[in-house]
Amino acid sequence: MGRLIVVSNRVNPPADAGVETAGGLAMALAAALREYSGTWFGWSGETVETFTGQISMQRIGGVTVALMDLEEQDREEYYDGYANRTLWPLFHSRTDLAAYERSFDAGYQRVNRRFAETLAPLIGPDDLVWIHDYYLIPLGQELRRLGVANRIGFFLHIPWPGPRTLTTLPQHRRLVESLLAYDLVGFQSNDALTAFGEYVERELDLKVQDGIIAFGDRETRAGAFPIGIEGEAFARLTQAPAARAAFERMRQSQAGRRMIIGVDRLDYSKGLEERFLAYEQMLADHQDLAEQVFLLQIATPSRDAVEAYQEIRARLDAISGRVNGAYATVDWVPIRYVNRSHRRDELAGLYRAAHVGLVTPLRDGMNLVAKEYVAAQDPEDPGVLVLSRYAGAAEQMTDALIVNPFSREEMSEALARALAMPREERRKRWRRLMDGVLRDDVAAWRDRFVAALAGDLATVTNTGGDSRKAS
Ligand code: GDG
């Protein structure tokens, strides 16, 4: 096998000393690239007056990184536009927020062509090419147009919407057909895989047989490859000095109260508004819990340029202010709402200090926070995970308290149940969750995908989203 070439919109390999800040995905892809001596290609995040297609090569943390700049118009139409204002809301079933503008579509096609033209000369005859996420769906097809005959795989990190939702996109057919230029298309969950199959059969009138779709002179395999975290390393991180300090500081400020934690990018898909309202409901339903609990919600701002994000921010400010105004006492604030980002090791300590991990997205490809929360727990006295049924993680993490994030009552009940759960039951549930997190970790995900892309058929047919069947 040749090298592995990973392509994503942004490229962020951890620097050697950056263990505590880099995300699990970046670490895993960087590790994969070191193993296969490959290259990670993407946008630098910078814009220039006129696109040149020049590549700047660097070595960061043992990984070869190839970056290109885009134009300001590319950023507006491709990144802020089609990716984040069209595909992100649409794939999270928010057609009410999706903007369908031809200029966005044209920008998306143009930038994918730019990616292809810049990348193609870097690809050697035996290299495997692994393309990531909704920014780059047509890239495989663009590479084929330039004569690239290598094995090319695509992995979608976000959900795949139902066929009726997807057909609201004016260019839906072209978008899905472009996926059939890949040798392998991977999804996070069986739910996403099934929805993709439904579209292909219903709208393209093609058959999906044993995960294989024949289209023109090509065959594309589709499978579920649920992503994981570095479970062991994350558990170890809770013992790092900054993690211990965060844990101690939190325990002291808790004053014996139990803590519910939420950690999310500030995004309307994460169900933050519904979460705050469910917590408010719980305070109303369980007056005995007043002053006994608090919710720490860390919501890291992202994509501030997009209007929908400013709106959600304003609504969350309003709800948290109202709940705190109604319930707070001189020494108790029911919602601690923090818009600042934290170091990864600090996060590990905060997860460990929390009695409940509240992960309730309305739609989520996987959700790594659920797995990080589990990995950070004290085995002797673990907290309880409350998890939305609409997170991809719910297919694997069946020992969590699974909730419907659209139902305030159901979430309020689950919270009360989690807070009252006896230690014995908490330990049993946690053990099974942790076994899954350790077994189906990010290295297992990477190896399964790369093996399948390289043509190892056994790993493709075994698509189990239910990790216990997949091992
Ligand atoms: C997409 C898909 C899929 C958050 N705040 C801070 C911080 N984080 C880290 C978390 C976690 C990551 O960000 C968030 O990952 P999620 O999986 O929860 O969500 P998305 O960002 O939407 O990711 C998702 C994922 O891709 C991978 O395929 O699971 O479904 O939407 O790791 O810990 N990290 C630090 N400081 C923060 O303040 N250091």
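The legends below describe close-up views of a predicted model. Local features require pLDDT of at least 70 and side-chain atom pairs pLDDT 80 or more, while totals for chains, interfaces and linings use all residues. Residues are numbered from 1 along each chain as its sequence is written, and side-chain values use heavy atoms, without hydrogens and water.

**View A. Helix α15, residues 423-439.** Helices (H or I, at least four residues) and strands (E, at least two) are DSSP runs numbered from the N terminus. The 17 residues of α15 reach 24 Å from first to last C-alpha, close to the 24 Å expected at 1.5 Å a residue (1.5 Å times one less than the number of residues).

**View B. The buried residues of α15.** R426, R429, W430, L433, M434, G436 and V437 are buried (under 20% relative accessible area, 1.4 Å probe, protein chains only). They cover an arc of only 155° around the axis, which puts them on the same side of α15; the arc is that of the directions from the helix axis to the C-beta atoms. Their cover includes α8, α13, β15, β16 and α14.

**View C. S269 in the loop between β11 and α10.** S269 counts as buried because its relative accessibility is 3%. Leaving aside residues up to four places away in sequence, S269 touches W88, H92, P361, L362 and R363 (heavy atoms within 4.5 Å).

**View D. An open sheet of 10 strands.** The order is β3-β4-β2-β1-β5-β6-β7-β10-β9-β8, with mixed pairing (at least two DSSP bridges between two strands). β3 and β8 stand at the edges with a single partner strand each, so one side of each lacks a neighbour in the sheet. β1 and β5 pair in the parallel sense over four bridges, and L4 has L128 in β5 as its bridge partner.

How values were computed
Buried < 20%, exposed > 50% of the residue type's maximum accessible area, 1.4 Å probe, protein only.
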